[in-house]
Amino acid sequence: MWHFVSPKIVFGESALSSLEEINISRALVVTDHNLVEIGAIQPALECIRKTGCEMLVFDHVSPDPTLESVELGTAVANDFQPDWIIGLGGGSPMDTAKAIWVLYERPDLIPAMINPFIKLGLREKSRLITIPTTSGTGADVTWAIVLTDTENNRKMGLGNRENAADIALVDPALASSMPPRLTADTGLDALTHAVEGFICTWHTDITDGLCLNAAREIFQNLPVAYEAAQADNPQQECYTAAREKMHNAATSAGLGFGNAMASLAHAMGHVLGSVFHIPHGRAVGLCLPYTIEFAARGEDPSRITILAEMLGIKGEKSSAGLTLAAALRDLAREVENPLSLEELGLDQKEFQQVLEKMVDDAFNDTQIITAPRAPSYQELEKLFLAAYSGQPVEF
Amino acid sequence: MAYKFPSDEWIKALRDMLNASESYQRSAKDWEGDFLFIAEPDDAYPETAYLHLQLYHGSCPGAAMMDLDDLPETEYTINAPFTTWRKVIDGKLDPIQGMMTGQLKLKGNLMKIMRYPKAAQEIVACCAKIPTEW
């Protein structure tokens with residue numbers, strides 16, 4: 001027995017206009033300050049205004065959202081008493097919106113108590129809409145909430161099936177002006193979701209198709225979307241089509257891995273994000289080829305072999321995982337992302353100083369438990385060292 | 001040698017497995033909190049069984065099958081019918097998925113246990129290594 005959880009998803013051109021069909025009285029919009037400053041979310045805010053509701057914008061969300069920003073946002077919600085909370089932006093605002101929503105509904109909880117084993121009883125006061133402005137996170141459709149515990153410098157994997165959004169509005173126009181770096185990072189995040197959702201031990205018949213199709217679309221469209229982000233004429237049809245494919249693929253991958261699980265690249269990436277503040281997509285995308293090589297050398301690499309075959313990645317069947325890892329590196333290189341932590345510019349001494357903490361934290365990250373090949377502590381340390389130096393994994 | 005589940009010998013075999021597991025020692029190095037596993041009667045097993053596991057800083061100092069009258073205070077209990085435990089020990093049901101779907105009922109400080117998912121997985125991995133007679 002297992003569950004598949006999904007919001008109602010409205011996607012494609014003009015998806016935002018469907019806001020007018022929702023009966024909203026008081027909307028609390030949770031977003032980040034930069035998006036407000038650069039005007040990127042103005043079209044979405046206009047659509048919310050058109051509903052005639054009273055709207056309050058909470059924009060104190062940091063890139064690695066903290067417990068403090070959730071507590072602040074909850075106080076704002078308690079004061080404003082919204083009947084809808086709208087998470088608008090990338091993964092950070094959407095995850096923050098989910099947490100604020102839970103704590104607004106359940107004032108007896110603190111963020112660390114949001115776990116999948118309890119009944120939350122949400123939707124008594126309000127409901128949740130998610131609107132992604134990047135093509136990668138999948139947070140619009142997942143129930144996971146990733147927050148940063150700044151006291152212990154550690155990411156906290158929280159969430160409950162009930163806190164998946166009611167409605168996700170996936171409008172490609174909102175992501176059409178993402179700059180190149182953000183396009184690459186978020187695209188590799190989506191690819192990591194798709195790949196890990198397919199190979200993890202919690203994958204299901206229902207999630208496999210979503211992950212597989214998302215991975216295929218990302219391999220095909222991420223380079224074009226990256227080119228679009230640098231083009232003088234980004235409105236060319238081939239560019240807008242690629243952008244839209246990436247936006248839909250990110251949501252599909254989110255549904256896929258969100259109803260399965262991620263895996264080892266996420267466990268390592270979470271740690272790199274909390275310790276070195278590497279953007280999430282860049283961190284997990286960088287780790288993915290190494291974890292694929294590691295899994296491919298395990299006792300049962302069949303899921304990786306199937307994935308490589310289904311993606312049309314050519315190579316010897318016996319070394320499909322290594323070929324897949326090479327294809328992942330080629331794609332990362334095509335969108336000019338670093339292939340190692342050294343290339344990313346991390347100082348070796350600093351890296352060595354925190355290596356033990358990183359291995360400790362990754363070893364107890366929630367995502368590690370569904371790795372197709374469970375690493376020992378020593379193997380995990382070697383994986384971090386490989387990701388630092390760029391050496392392929394041969395153990 | 002196979003150990004009958006549930007029995008005092010079986011839970012002591014789990015204790016020995018945990019104490020020999022480097023992965024468990026690493027992942028639970030700060031853990032404090034005992035568990036009581038309760039196997040409830042169903043068509044396959046007629047009685048309730050109580051298995052107590054002491055866990056402290058990456059080791060398992062003690063383990064025993066208990067009588068209802070002698071149950072210790074434990075920080076956590078996990079309840080499930082005998083057949084569900086069998087699925088977990090046979091590797092047919094992931095225990096975390098089992099808890100998320102209500103097939104295994106976990107009571108205790110959930111906030112704390114969420115920080116030690118690998119340790120929980122290692123306990124089950126050790127269970128699966130015990131030659132078990134049903």
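**Terms and values in the model**

Modeller: In helix 5 of chain A, G187(A), A190(A), H193(A), A194(A), E196(A) and G197(A) meet M246(A), A249(A), A250(A), A253(A), G254(A), G256(A) and F257(A) of helix 7 of chain A. This is a predicted model in which local features need pLDDT of at least 70 and side-chain atom pairs count only at pLDDT 80 or more, whereas totals for chains, interfaces and linings use all residues. Residues are numbered from 1 along each chain as its sequence is written, and chains are lettered from A and ligands numbered from 1 in the order in which they are written.

Biologist: What makes two residues count as in contact?

Modeller: Their C-beta atoms, placed from the backbone, must lie within 7 Å.

Biologist: At what angle do helix 5 and helix 7 of chain A pack, and how far apart are their axes?

Modeller: The angle is about 35° and the axes are 8 Å apart. Axes are lines fitted to C-alpha atoms, for helices over the stretch in contact, and angles run from 0 to 180 degrees between N-to-C directions. Helices (H or I, at least four residues) and strands (E, at least two) are DSSP runs, numbered from the N terminus.

Biologist: Is the crossing of helix 5 and helix 7 of chain A left-handed or right-handed?

Modeller: That crossing is left-handed: the term applies if the near helix is turned anticlockwise from the far one by less than a right angle, and right-handed applies if clockwise.

Biologist: What lies at N221(A) in helix 6 of chain A?

Modeller: A kink of about 40° lies there, shortly before the proline P223(A). The bend is the angle between axes fitted to the seven residues ending at a residue and the seven starting there.

Biologist: Why is chain B called as compact as a globular protein of its length?

Modeller: Chain B has 6 helices and 7 strands. Its radius of gyration, 14 Å, is close to the 14 Å that the globule rule gives for 134 residues, so chain B is as compact as a globular protein of that length. The radius is taken over C-alpha atoms, and the rule is 2.2 Å times the number of residues to the power 0.38.

Biologist: Which residues does a cis peptide bond join in chain B?

Modeller: F5(B) and P6(B), with omega about -5°; P6(B) is in the loop between strand 1 and helix 1 of chain B.
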